[in-house]
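This report describes ring contacts and strand pairing in one protein model. The sequence and structure are shown first.

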Amino acid sequence: MLKTALAAGGATLLGFGDLRLPALGRGARGDAVPQGRYLALIEFVDEGLIPMETPMGAGLDGRLYTDLSSVTPDHPTTPSEKFYLRTRASELLDDRKPWAIKVTGPLKRSLEIGMPALRKMSKPAGSHLMECSGNGRFARFGMLSVADWAGVHVSEILESARIDKPASRVLISGFDRYPIPSSTSEPGASWIFTVDDLNASKAFFATEMNGSSLTKDHGAPVRLVVPGWYGCTCIKWVNEITLVGEDAAVTSQMEEFAARTMQQGVPELARDYRPAVIEQAAMPVRVEKWLVDGKIAYRVHGIAWGGFRPVSGLEIRFNEAEDFVPVAGFNQTSNDPWSFWTHPWAPKGPGIYHIQLRVTDNSVPARRLNAGYYVRSVEITES
């Protein structure tokens, strides 16, 4: 089971026609229904039996999946020990030696920034969501988490470097060597960004997570966080920044994640690689069963995230034969981190129901959402 889970975590999304419908896991009681009594959580069906919030595997094959069913507006941040992992720290990583980030390229002088300087520059960076581009049903969508971060904006580091000539692209690399080969991924943690993209996303080098220093599995002593971009761009164990030109080739990591970041084929040059941003998405995280006025009632709790601006409307349906209806009281005030929504539901009878969402604004990119990638299914047994 573990081998299957790890392989799935590194699987490539071949095309939207091949996207598998996903789902989630066990849950927690949500906000109260007036004059009602909470009865039970309805499990999502046709989802894996992978252990949740338990570290598994090692190195590039290491995983931890967040149980999203306990996420609520009162507890929107994921504890660090439950924050998802796509790769765990290598046994070869030696954190006993002084750590520094080298800045190379067309500089007037070489530059190396040590951890004492980074920690001194570090400031609160806010709460940000991170999602693995390979997140899916096999993991109950548990490769999605939110943390409160602190760190140093990349722009500050670039400004401190005395660049000999303007650079349009930046290669950020991290330690990525392992004692044994991986069965799911290739080593070589690095990504190339434009300076404008780093500035626009307010990317930062994180030194703290939820009020404490990063753990080794989460990239200690320093990792990159690019708000609004997939986790594959958020390089761990950062040790080098390189200023590169317009003809720079894509890195091996960019090649590996091209399909999962919805590129058109596998670009050869970084300039042809589109930003790996998370498009607008939404899904249920738990379905609750209540007793209200002597009758069974259901309440669907969910999250919305991603995109470049808040959307004004979200719609839901429970089978393809039904029409979409507005999610009751939906109000998205921010794309990062997630927003919460709740929808009352009265099933027509026993059966399997497939819960799908869509945004009302067709101009908002939401390819995974529109393809049914975040559909979740439940079985209702009462008539």
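Which residues do ring pairs link into a cluster? The cluster consists of F141, W305, Y373 and Y374, joined by ring pairs. The model is predicted, so that local features require pLDDT of at least 70 and side-chain atom pairs count only at pLDDT 80 or more, while totals for chains, interfaces and linings use all residues. Residues are numbered from 1 along each chain as its sequence is written, and side-chain values use heavy atoms, with hydrogens and water left out.

**Aromatic pairs**

Across the whole structure, a search finds 13 aromatic pairs. Rings of Phe, Tyr and Trp (its six-membered ring) pair if their centres lie within 6.5 Å; planes under 30 degrees apart count as stacked, over 60 as edge-to-face and the rest as tilted. Strands here are DSSP runs (E, at least two residues), numbered from the N terminus. F83 and Y84 form a stacked pair, because their ring centres are 5.7 Å apart and their planes stand at 15°.

The table gives the accessibility of these residues. Buried means under 20% relative accessible area, exposed over 50%, and partly exposed in between (1.4 Å probe, protein chains only).

| Residue | Relative accessible area | Class |
|---|---|---|
| Y38 | 22% | partly exposed |
| W290 | 0% | buried |
| F83 | 1% | buried |
| Y84 | 5% | buried |

**Charges over rings**

A charge sits over a ring if NZ of Lys or CZ of Arg is within 6 Å of the ring centre and within 35 degrees of the ring normal. R260 lies over the face of F257, 4.3 Å from the ring centre. For R376, the charged end is placed over the ring of F44, at 3.7 Å from its centre.

**Strand pairing**

Five strands form an open sheet with mixed pairing, in the order β3-β2-β11-β6-β7. Its edge strands, β3 (111-114) and β7 (190-194), each pair on one side only. Two strands pair if DSSP finds at least two bridges between them. Within this sheet, β2 (residues 100-104) and β11 (residues 238-244) run parallel and are joined by three bridges. V103 has I241 in β11 as its bridge partner.

Notes:
Helices (H or I, at least four residues) and strands (E, at least two) are DSSP runs, numbered from the N terminus.
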